[in-house]
Amino acid sequence: MNEISALKGTPEKAPLTLKDFTSDQEVRWCPGCGDYAILKVMQRTLPELGVTRENTVFVSGIGCSSRFPYYMDTYGFHTIHGRAPAVATGVKLANPELDVWMITGDGDGLSIGGNHMLHVLRRDVDINILLFNNMIYGLTKGQFSPTSKPGTKSPSTPQGSVDPALNPIGFALGSGARFVARTVDTAIKHMPGVFKRAHGFKGASFVEILQNCIVYADQVWGDVTQKATAADKQLLLENGEKMLFGKEKDKGIRFDLASFSLQAVMIGENGITEDDILVHDESNLQMARMLAELGAEANEPMAMGVLYSEQAEYSYTEAVLAQVEAQKGKRTLKDMIYSGQTWEVK
Amino acid sequence: MVSEVQVLESAVVRFAGDSGDGMQLTGSQFTSSTALSGSDLATFPDFPAEIRAPVGTTFGVSAFQINFGAKSIKTVGDSPDVLVAMNPAALKVNLKNLRSGGLLVVDSGAFTKRNLQKAGYEETPLGTPMMDDYQVIDLDISRMTLEAVKEHGLGNKEALRCKNMWTLGMVLWMFSRKREPITKWLDKKFAKLPAVAAANIAALNAGHAFGETAELSATFKRYQIGATTSEPGLYRTVTGSQALSWGIVQGGQLADLNVVLGSYPITPASSILHALSGMKELGVVTFQAEDEIAAICAAIGASFAGSLGVTSSSGPGIALKMEAMGLAISTELPLVVINSQRGGPSTGLPTKTEQSDLYQAIYGRNGDAPIPVISTRSPGDCFEVAIEAVRLAVKYMTPVMLLTDGFTANAAEPWMLPDLDALVPFKVEHAKTPAEGETFSPYKRDEKTLARNWAIPGNVGTEHRIGGIEKDFDTGHISYDSDNHQRMTDTRQAKIDGIANDIPLQAVEQGNTSGKLAVVGWGSTFGPISEAVRIARSDGHDASHIHIRYLHPFPSNLGELLAGYDSIIVPEMNTGQLKTVLRDKFLIDAKPLNKVSGLPFKIQEILDAIHSDIAE
């Protein structure tokens, strides 16, 4: 018997816990997979958000990450490769009250499902999208993905891949996403905050999670995520705060007019003071676009946290359903069928 | 002088002109006036795929054919009695079908050297022996139109655009039809452009007046076509896509579900997307997706969340939806998939009709993936078939393929308005919260229908996860067990097979329930088969007509019924798809009669096949 039904009828329901959101299914990811940590954080964070199991829906596509819904004791739909955004859109159109999370990966969400990802973001459908980026196709045994670095050796690219890599954050912003964030599978303290922000955003929220595939692409994010280098390789964004990083917070990001780009600098060197360091403004799209590119150079950190958040007045589903509501009941089917030119045969 | 009026039983009129000449409008307005006169009718809009093909070319010719009469009209007519050709290209394309002795009306004003060249005529065919076979009325309609509308101050180009109304006015006079419904419609259509409305009405009246004046000419007679003796009731004209869209909404209401349509523009199915998008008053939600796959996936998502998911497309789009259809089969969610068939393969003939997607509908998915397939025989029939598609989808928790075609979608016919209050509801009951101590399984089945539980998000205690991976028969959890897969495959098949017992027995449309010959059809070949069999029977031949709505599974008595005939002919607008399925299911010698020219069968073609079969 599940705990919810056991609690039925009791006047005061105990708050839900991690356990309430954990299904009875055995988790089948490889031992050491980054997905475990993300799952645990989700199961722990949902109770903190005060949501119910019955109003929560996880929709996924195909791939390792897309098994996620089976492990959540909520409603879940494991769909087909790349199509989760479309299915999730349909769920929201049928019942806008539902809390919909979409789980995808770099292959599912950006290759076979790239078109749907573009449009779900462009439309601003009110769902929370988590893209687990491990730079590889795991479930099909290790082929390179659209986010793999050029030169990635894989069963389908024995000489190394020649395709340039796609930047998911840049893609999302280019698609018109209004909420874009990034976190890391091992950052169990950072991740819940990002999830909460994504959940609180009305519209499509896009979260890239740097995730480690221990079997086929181990440590592809190593220099960003490992303890020794993380402080230098991660820029933890806070809205309204200066973009400082490094163990001693002695490094920062400034705007360089000559190259028209962001630059990682050392405070105190070359006459740079803290005043030169940019202050993060989540509502600034141009800044977000530049932050998306950060990390390409060896001395640059990758931007973490909420890069961009600019909520629209109405989400897509609200706008669509408002049109329906405005018309509803004005005519009946009988009115329609019996209207127009009719004649009687006696 | 009292005009001589010839009384006819029926007549076929074909309006043909350049794509920009407004022939579809002319035809549909003539249709509405004819319907109001109480004649039975069938129409065939025949237009090119190009939106605006180069002016004056043969591939830019657009035509609208109507067959109307005081008797029951089942087809659009084999050959027109009257052909209106607005330019040389229209004449070139359509003259060969005009019956010998038929009336040809041409706008000689459009027979310029340039237009003749574009149509491939070296010199004008008017006045040559080529015309001897017909009664020709060549009028400078262009000039007379300009004359009629000049007081309304339109530019030359705009004024010329009224020539379709001039022509319509004359044809209305010719067949003693009323102008009022059309003037009313023009006033409404051009409410914001009163000068344009006035000019069009002036042209319409001028054409009509011309008919009256020219009546003195011996070749130019009036015809009278009476009202048909249809079943008593209230009628209107309806196109297939209109009736189908209403049927979907009606089905949703009977099931007590909201309709969510996911669709992507495609010819000739877009009219369904348009029609349902205009039904927000009835709570219909429409979603124009980024592609065909997203369209069906959104419909599936809507069904998962408790609405009635519907998707509509044509062959190429249906091909793209097949993987998702498999998901709906595996997750056993209700879904209505509408295929408005067109000529194939690939892009094929987008605006021409065909019924060549039957294999695709029955077999076209990976894995053993059975679904019910049903079809529409005529525009009015679409209403009932759409309701039936919804009923089967929700009762059996399955996608249902509804096959219609471009011809049915665009064609119009008089339709006796159904008594909506008399329709029997089939209200859906979603799974309830389990009682204490009870466990919930999303794959618990109804013993009779084998349909699974439909629990929807938002309901407490029925939280579950489903997907395209094989599921355990009892719990619905992922299962790779081999015996379980056998059992689930068998169960999915048995569920669909069982539908055969929940649909009407196959009836015989005309003729005996056994005998010499059965002509077996499906879909929009209903009209020509029906007429051909009627004629054959009135000539004393033992021929019967059987028309199959339920193509998969077949009605339970179909095999036995077909076994009662010595010979079976299957006319189809494909290379023999139903014929093959019938042979496979019943081991009978069904003989094909095939046509894939993009045009409906002529009665004569089927009649010839009946005669040669009987002669054997």
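Start your selection at Gly176(A): this glycine follows helix H6 of chain A and has a positive phi, near 100°. Helices (H or I, at least four residues) and strands (E, at least two) are DSSP runs, numbered from the N terminus. The model is predicted, so local features need pLDDT of at least 70 and side-chain atom pairs count only at pLDDT 80 or more, while totals for chains, interfaces and linings use all residues. Residues are numbered from 1 along each chain as its sequence is written, and chains are lettered from A and ligands numbered from 1 in the order in which they are written.

**Stop 1: helices of chain A**

Now select residues 35-49 and 190-200 of chain A, which are helices H2(A) and H7(A). Their axes come within 10 Å and cross at roughly 50°. Axes here are lines fitted to C-alpha atoms, for helices over the stretch in contact, and angles run from 0 to 180 degrees between N-to-C directions. That angle makes H2(A) oblique to H7(A): under 35 degrees counts as roughly parallel, over 145 as roughly antiparallel, 65 to 115 as roughly perpendicular and the rest as oblique. The crossing of H2(A) and H7(A) is right-handed; a crossing is right-handed if the near helix is turned clockwise from the far one by less than a right angle, and left-handed if anticlockwise. Show side chains for the contact: H2(A) brings Val41(A), Met42(A), Arg44(A), Thr45(A) and Leu49(A), and H7(A) brings Met191(A), Pro192(A), Phe195(A), Lys196(A) and His199(A). Two residues are in contact if their C-beta atoms, placed from the backbone, lie within 7 Å.

**Stop 2: a loop residue in chain A**

Select Asn270(A), in the loop between strand E12 (261-266) and helix H10 (285-293) of chain A. Its phi is positive, near 55°, although Asn270(A) is not a glycine. Most residues other than glycine have a negative phi, and most peptide bonds are trans. Asn270(A) counts as exposed because it has 7 C-beta neighbours inside 10 Å.

**Stop 3: a sheet across two chains**

Colour by chain and select E14(A), E9(B) and E16(B). These 3 strands form an open antiparallel sheet in the order E14(A)-E9(B)-E16(B). E14(A) (342-345) and E16(B) (412-416) stand at the edges with a single partner strand each, so one side of each is left without a neighbour in the sheet. From one strand to the next, the twist averages 35°.

E14(A) pairs with E9(B) (residues 233-239) in the antiparallel sense over 4 bridges; two strands pair if DSSP finds at least two bridges between them. Look for Val345(A), which stands opposite Gly233(B) in E9(B). Helix H9(B), residues 240-255, lies across E9(B) and E16(B) at about 110° to E9(B).

**Stop 4: where the chains touch**

How many residues of chain B are in contact with chain A? There are 63, and they meet 54 residues of chain A. Elements that each supply at least two residues to this side of chain B include H1(B), E9(B), H9(B) and helix H12(B) (315-330). H11(B) gives the most, with 9 residues.

**Stop 5: inside chain B**

Next, find two cis peptide bonds. One joins Thr267(B) and Pro268(B), with omega about 0°; Pro268(B) is in the loop between E10(B) and helix H10(B) (270-277). Another joins Gly344(B) and Pro345(B), again with omega about 0°, and Pro345(B) is in the loop between strand E13(B) (335-341) and helix H13(B) (358-363).

Finish at Leu450(B), in the loop between E16(B) and E17(B). Its phi is positive, near 65°, in a residue other than glycine. Is Leu450(B) buried or exposed? Leu450(B) counts as buried, because it has 20 C-beta neighbours inside 10 Å.

How values were computed:
Buried ≥ 20, exposed ≤ 12 C-beta atoms within 10 Å, placed from the backbone.
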